[in-house]
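Here's a quick briefing to read with the model open beside you. Take a look at the chain and its ligand, then work through the notes below.

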Amino acid sequence: RPPHSRVEDDAAVEKRYAIGQELGRGSFGIVREVTSRFTGELLAVKTVNKDKPGSTSIQMLTREVEVLKRLDHPHIIKLEDILETPQKMYLVMELCTGGELTARLKQLGYFRESEAKEVMRQLTEVLTYLHSNDIVHRDLKLENVLLKSPINSATDKIDIRVTDFGLAHMKSLSDLEDPIMDERCGTPYYMAPEVILSRHEYTKMCDVWSLGVIMYYIICGKVPFHGDANLKLEECIVHGEPTFKEVEWINISEQG
Ligand code: ADP
């Protein structure tokens, strides 16, 4: 398990890590590249302000930390170190130099068949691992999948990392404050019909539905259910009618 230390201030953090360029901004904090001053290793750090104790961001970060600490899988982002100052929480993770998988979709419009197969194989392995450990991710979406390194177009080698465990549910952590269970969790496009229809507990099967949405998305370049308003989207999902019936299957046949 990664160490979890309380340190005095930001200066103490910078004694351990040299802070580099910004990699992205999430809903709650900034992610930056860092270099360990001890090992010289390049890593990523997510920083969240603790200014509002009990806020959703802190609850989600706490959940993410507690779940990630317990996970060990080649395609799940590895948490290396946790540092806390009285004001901030720093999550040091492995660095994914390939960036977001969605960037590939924006660039190509869809994935090549070999890439799509590989992404699906790795995602299925992650889900099998999580579910066999009684963990439900609850926010599985393409936007939460990063590439460990850029895709090499000569070899088509793909190595993904699943991130964002801020909504994940783990039986052994059931005493953790759960800000989400009384709200619908997840992202509308990836939401299973049973989650829309009832407020029943989000189950493993809902993760499987989200995996199906990801598969459709990477093969067709579009999510299966769409709607300008949430209500219309929910209606499409519940009635099982994909919004885009005229999918450009040519994309797939072109590649054999
Ligand atoms: P969100 O809260 O929106 O889910 P995060 O805070 O986890 O997003 O991350 C924000 C962005 O930072 C990501 O979209 C990604 O581009 C980048 N990022 C996050 N983690 C890493 C990492 N380990 N390596 C490289 N980039 C990362």
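Leaving aside its neighbours within four places in sequence, which residues is Lys-46 in contact with? Keep in mind that this is a predicted model. The answer is Gly-26, Gly-29, Val-31, Leu-91 and Met-93.

**Lys-46**
- You'll find Lys-46 in strand E4, a strand that spans 42-49.
- Lys-46 has 21 other C-beta atoms within 10 Å, and 20 or more is the cut-off, so this residue counts as buried.
- In the UniProt record, an unreviewed entry, the annotation "binding site" covers Lys-46.

**Around the ligand**
- The ligand has 19 residues around it, and those that come nearest are Gly-24, Gly-26, Val-31, Ala-44 and Cys-96.
- Two of these names, Gly-26 and Val-31, also turn up among the contacts of Lys-46.
- Strands E2 (17-25), E4 (42-49) and E7 (99-100) each put at least two residues into the shell around the ligand.
- The top contributor to that shell is E2, which gives three residues.
- Sorted by class, the shell holds nine nonpolar, six polar and four charged residues.

**The chain as a whole**
- The chain runs to 256 residues, and 30% of them count as buried.
- For secondary structure, there are eight helices and 11 strands.
- Take the contacts between residues at least 6 apart in sequence: 63% of them join residues at least 24 apart.

How values were computed: Residues are numbered from 1 along each chain as its sequence is written. This is a predicted model: local features need pLDDT of at least 70, side-chain atom pairs count only at pLDDT 80 or more; totals for chains, interfaces and linings use all residues. A residue is near a molecule or strand if its C-beta atom, placed from the backbone, lies within 6 Å of it. Helices (H or I, at least four residues) and strands (E, at least two) are DSSP runs, numbered from the N terminus. Ala, Val, Leu, Ile, Met, Phe, Trp, Tyr, Cys and Pro count as nonpolar, Asp, Glu, Lys and Arg as charged, and the others, Gly among them, as polar. A residue is buried if 20 or more other C-beta atoms lie within 10 Å of its own, exposed if 12 or fewer, and partly exposed in between; C-beta atoms are placed from the backbone. Two residues are in contact if their C-beta atoms, placed from the backbone, lie within 7 Å. UniProt positions are given in the numbering used here, feature names are shortened, and annotations may be inferred rather than shown by experiment.
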